[in-house]
Amino acid sequence: MAPDLAACEALDRADPLAVHREAFDLPEGAVYLDGNSLGALPRATAARVADCVRREWGQDLITSWNRADWIGLPRRVGDKIARLVGAGPGEVVVADSTSINVFKVLSAALALRPGRRTILSDTGNFPTDLYMAQGLSRLLGAGHHLRLVAPEEVAGAIDADTAVVMLTEVDYRSGRRHDMRALTAAAHRAGALAIWDLAHSAGALPVDLAGCEADFAVGCGYKFLNGGPGAPAFLHVARRHQDGFAQPLSGWLGHDAPFAFEAGYRPAAGIGRYACGTPPVLSMVALECGVDTVLAADMAALRAKSMRLGDLFVELVEERCAGHGIALACPRDAAARGSQVSFTHPDGYAIVQALVARGVIGDFRAPDVMRFGLAPLYLRHADIWRAVDALAGILASRAHDDPRFRRRAAVT
Ligand SMILES: *Cc1c(COP(=O)(O)O)cnc(C)c1O
């Protein structure tokens with residue numbers, strides 16, 4: 001028997017991570033299961049952004065680039081993220097979007113493996129990573145091609161033409177987790193490099209980029225890092241590769257001496273050359289507040305809680321929703337899963353809309369996946385119980401047949 005609501009509430013009272021929920025401004029009564037897509041608002045963010053606007057910008061004006069160290073934000077927040085993903089200081093910088101950072105690190109990887117033409121990825125990868133690889137290959141005009149294989153076939157598909165293995169650790173639809181250590185080692189054995197997209201990993205589970213000897217990584221600021229809508233992204237370059245190549249988006253803030261205003265581009269030493277233009281300061285201070293919420297907790301404890309929440313979700317769905325056409329679409333083994341659970345249902349879109357109408361916010365990914373993110377910083381066991389209770393109620397009453405739940409919005 002799965003736990004009932006009272007048992008879930010008892011688990012919450014005994015949860016040492018429960019205090020972290022206080023660091024967030026969550027709407028009363030809502031169950032928020034989309035922290036993997038847009039992290040919740042930290043309580044500190046509004047005041048910090050207001051101070052940046054009113055004092056640093058309004059009063060101190062341009063002097064804040066130095067006085068408030070706005071110019072240092074990309075590296076400073078990058079170093080904080082480095083602690084969450086197992087990288088060293090000076091190996092991570094915050095800049096641009098994940099898509100643009102894929103372009104930068106992929107350019108670097110391809111240049112470091114001249115003569116090799118294959119970019120290897122899997123069919124489950126997030127489309128923007130694939131699109132950026134296609135665009136870069138066209139731009140380079142050097143015969144590179146993107147090869148996609150099933151996720152479980154990646155290791156066997158690495159060959160002597162593979163320049164780079166470019167993967168997302170946690171599949172955005174199924175939550176399936178790649179073995180970063182084993183696949184990076186397999187890439188290296190074949191003479192290839194590895195790029196990891198940590199969009200659904202950073203802030204959600206322990207990542208050990210150094211221990212895995214990963215070459216490059218990218219990730220999002222607005223998902224489990226709670227940086228706010230459109231938060232800047234991060235990128236990682238292992239120190240051994242940093243000075244081996246200058247990425248092609250050679251903007252002035254990646255220059256060795258931006259304020260020398262030289263006519264010729266000379267890349268900065270180290271990770272700084274992966275920056276391009278002026279950082280979005282307001283967004284970066286918001287991101288720093290989000291990253292701080294994760295740094296305040298123990299990552300191993302967060303992971304353990306996220307695994308328990310996922311197991312609870314699956315157990316409750318199987319007990320209470322069976323027979324309604326719902327099927328598990330994520331690994332049953334918590335260790336093989338990221339911080340989300342997914343289920344398929346032919347009416348998945350409408351069911352998710354019916355859940356949202358009841359205050360249970362998850363999302364839908366085409367063609368039929370209902371996705372529930374489990375942000376262990378602010379979710380309670382009782383939230384999981386309430387979410388599945390709502391789901392069971394909808395399925396039993398076919399509430400999702402209401403036509404208003406079938407109209408597709410621009411963002412699903
Ligand atoms: C969310 C996500 C992105 C988003 O990229 P943006 O440039 O921020 O829009 C990229 N890759 C993966 C794997 C994602 O899950």
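How many Å separate the centres of domain 1 and domain 2, taken over C-alpha atoms? The separation is 29 Å. The legends below describe close-up views of a predicted model.

**View 1. The two domains of the chain and the contact between them.**
The domain assignment divides the chain into domain 1, made of residues 5–41 + 298–405, and domain 2, made of residues 69–295. To their contact, domain 1 contributes 29 residues and domain 2 contributes 22 residues. About 2,000 Å² of area is buried between domain 1 and domain 2. Carbon and sulfur atoms give 60% of that area. On the side of domain 1, Asn-36, Met-299 and Arg-303 together supply 23% of the area buried against domain 2, more than any other three residues.

**View 2. Polar pairs and secondary-structure elements at the domain interface.**
Between domain 1 and domain 2 there are 9 residue pairs in polar contact, with both residues of each pair at pLDDT 80 or more. The number of salt bridges found across this interface is 0. Three elements, α11 (299–320), β10 and β13, each give two or more residues to the side of domain 1 that touches domain 2. Helix α11 provides the largest share of that side, with 3 residues.

**View 3. Strand β13 and its two strand partners.**
Strand β13 covers residues 369–373. Strand β10, residues 340–344, runs antiparallel to β13 and is joined to it by 5 bridges. Within this pairing, Gln-340 has Gly-373 of β13 as its bridge partner. Strand β12, residues 363–365, also pairs with β13 in the antiparallel sense, over 3 bridges. Here Arg-365 stands opposite Val-369 of β13.

Counted along the strand, 5 of the 5 residues of β13 are buried.

His-381 belongs to helix α13, which spans residues 381–397. The relative accessibility of His-381 is 3%, so His-381 counts as buried, the cut-off for buried being under 20%. With neighbours within four places in sequence left aside, the contacts of His-381 include Cys-8, Leu-11, Asp-12 and Asp-15. Lys-305, Arg-308, Leu-309 and Leu-312 are also in contact with His-381.

**View 4. The salt bridge between Asp-389 and Arg-320.**
Asp-389 and Arg-320 form a salt bridge in which the closest N and O atoms are 2.7 Å apart. The pair links distant parts of the chain, with Asp-389 in helix α13 and Arg-320 in helix α11, 69 residues apart. Asp-389 has a relative accessibility of 30% and therefore counts as partly exposed. Arg-320 is likewise partly exposed, at 32% relative accessible area.

**View 5. The salt bridge between Arg-332 and Glu-318.**
The side chains of Arg-332 and Glu-318 meet in a salt bridge, with an N to O distance of 2.8 Å. Arg-332 lies in the loop between β9 (327–328) and β10, whereas Glu-318 lies in helix α11, 14 residues apart. Arg-332 has a relative accessible area of 51% and so is exposed, since the cut-off for exposed is over 50%. Glu-318, at 38% relative accessibility, counts as partly exposed.

**View 6. Further salt bridges in the model.**
The structure holds 33 salt bridges. One of them joins the side chains of Arg-404 and Asp-402, at 3.1 Å from N to O. Arg-404 is partly exposed, with 48% relative accessible area. Asp-402 is also partly exposed, with 29%. Which residues are linked in a network of salt bridges? Asp-69, Arg-76, Lys-80, Glu-288 and Asp-292 are linked in this way.

Conventions: Residues numbered from 1 in each chain as written. Predicted model: local features only at pLDDT ≥ 70, side-chain atom pairs only at ≥ 80, totals over all residues. Heavy atoms only, no water. Helix = DSSP H or I, 4+ residues; strand = E, 2+ residues; numbered from the N terminus. Buried < 20%, exposed > 50% of the residue type's maximum accessible area, 1.4 Å probe, protein only. Contact = heavy atoms within 4.5 Å. Pairing = 2+ DSSP bridges. Domains from an automatic or database assignment. Buried area = accessible area lost by both parts, 1.4 Å probe. Salt bridge = Lys/Arg side-chain N within 4 Å of Asp/Glu carboxyl O. Polar contact = N/O pair within 3.5 Å; in protein donor to acceptor, adjacent residues only side chain to side chain.
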